[in-house]
Amino acid sequence: MEYNTVDILKAISDPIRLSIVQKLFKYDELCACNLLEDYQITQPTLSFHMKKLTQSGLVSSRKDGTWVKYKINSEAYQKLVNELTLFKSTEKCEC
């Protein structure tokens, strides 16, 4: 699957979504129920945020009974890191 860096950056531009991504890095995988407790937001609001993150490709989800568990998509994350490091040039500018 192809991941669009712009879509990922748009998804994590929201403070709540960025915080969710940081938590997913820390805990590897989290249930939606845990995120609801951590953020004190409604289930529809959480669903909206998670939809943006999963549509960007940065986060993947899986059903576990009645709940959904989320984790970072390592392939999309690595592509994002690779593209962002392109801005860090080791060559001297001769402007």
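This is a predicted model: local features need pLDDT of at least 70, side-chain atom pairs count only at pLDDT 80 or more; totals for chains, interfaces and linings use all residues.
Visitor: What pattern do the helices and strands of the protein chain follow along the sequence?

Guide: Happy to start there! The secondary structure comes to five helices and three strands. Read along the sequence, the pattern is α-α-β-α-α-β-β-α.

Visitor: How far apart are the end C-alpha atoms of helix α2?

Guide: Helix α2 covers residues 15-27, which is 13 residues. At 1.5 Å a residue, α2 should span 18 Å. The model agrees with that, as the end C-alpha atoms are 18 Å apart.

Visitor: Where on α2 do its buried residues fall?

Guide: The buried residues in α2 are Arg17, Ile20, Val21 and Leu24. Seen down the helix axis, they fall within an arc of 100°. On the other side of α2, Pro15 and Lys26 are exposed. The buried residues therefore line one face of the helix.

Visitor: Which residue caps the N-terminal end of α2?

Guide: Look for a side-chain oxygen lying 2.9 Å from the backbone nitrogen of Ile16. That oxygen belongs to the capping residue, Asp14.

Visitor: Is Asn73 buried or exposed?

Guide: Asn73 lies in the loop between β3 (67-72) and α5 (74-85). Its relative accessibility is 16%, and the cut-off for buried is under 20%. Asn73 therefore counts as buried.

Visitor: Which side chain does Asn73 join through a polar contact of 3.0 Å?

Guide: Leaving aside residues up to four places away in sequence, Asn73 touches Tyr3, Gly57, Leu58, Val59 and Ser60. The side chain joined to that of Asn73 by the 3.0 Å polar contact is that of Tyr3.

Definitions and conventions: Residues are numbered from 1 along each chain as its sequence is written. Side-chain values use heavy atoms; hydrogens and water are left out. Helices (H or I, at least four residues) and strands (E, at least two) are DSSP runs, numbered from the N terminus. Buried means under 20% relative accessible area, exposed over 50%, partly exposed in between (1.4 Å probe, protein chains only). A polar contact is a pair of N or O atoms within 3.5 Å; within protein, one must be able to donate a hydrogen and the other to accept it, and residues adjacent in sequence count only if both atoms are side-chain atoms. Contact means heavy atoms within 4.5 Å. The expected span of a helix is 1.5 Å times one less than its number of residues. The arc is that of the directions from the helix axis to the C-beta atoms.
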